[in-house]
Amino acid sequence: MKTTWLASLLVTIFWGAVLGLVVTYLGGVMVEALTATPIVREPLKAMAVGIILAVMSGLLVTTHH
């Protein structure tokens with residue numbers, strides 16, 4: 001039972017990091033295209049925010065499900 005919970009947590013962390021990077025990249029490209037100003041991307045912050053949001057939403061689903 002614990003291994004299943006741990007595996008789902010690791011998968012959540014991984015996909016949170018991936019989605020954080022994708023959203024940051026696509027958002028940066030859109031802003032650069034619309035405003036013609038270069039954007040400094042910070043991939044570590046994007047990954048951290050994605051992981052935090054993914055874990056929080058996972059906890060919300062498990063506590064209210």
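Ile 51 is partly exposed, with a relative accessible area of 23%; with a 1.4 Å probe and protein chains only, buried means under 20% relative accessible area, exposed over 50% and partly exposed in between. The structure is a predicted model, in which local features need pLDDT of at least 70 and side-chain atom pairs count only at pLDDT 80 or more, whereas totals for chains, interfaces and linings use all residues. Residues are numbered from 1 along each chain as its sequence is written, and side-chain values use heavy atoms, with hydrogens and water left out.

Ile 51 belongs to helix α2, where helices (H or I, at least four residues) are DSSP runs numbered from the N terminus. Beyond residues up to four places away in sequence, Ile 51 touches Ile 13, Gly 16 and Ala 17, contact being defined as heavy atoms within 4.5 Å. The C-alpha atoms of Ile 51 and Phe 14 are 7.5 Å apart in space, although the two residues are 37 residues apart in sequence.

The largest pocket has a volume of about 220 Å³. On a 1 Å grid over the protein atoms alone, a pocket is an open set of points where a 1.4 Å probe fits, with protein on both sides within 12 Å along at least five of seven lines, and lining residues have an atom within 4 Å of a point. Grid points are joined across faces, edges and corners, and the volume is the space filled by probe spheres set on the points. Helices α1 (2-35) and α2 (43-64) each supply at least two residues of this lining, and α2 gives the most, with five residues. Among the lining residues are Trp 5, Leu 9, Val 55 and Leu 59, together with Ser 8 and Thr 62. By class, the lining comprises five nonpolar, four polar and no charged residues; Ala, Val, Leu, Ile, Met, Phe, Trp, Tyr, Cys and Pro count as nonpolar, Asp, Glu, Lys and Arg as charged, and the others, Gly among them, as polar.

A search of the whole structure finds two salt bridges, each defined by a side-chain nitrogen of Lys or Arg within 4 Å of a carboxyl oxygen of Asp or Glu. One links Glu 32 to Arg 41, with the closest N and O atoms 3.5 Å apart. Glu 32 is partly exposed at 27% relative accessibility, as is Arg 41 at 32%. Another pairs Lys 45 with Glu 42, the closest N and O atoms being 3.0 Å apart. Here Lys 45 is exposed, with a relative accessible area of 56%, whereas Glu 42 is partly exposed at 39%.
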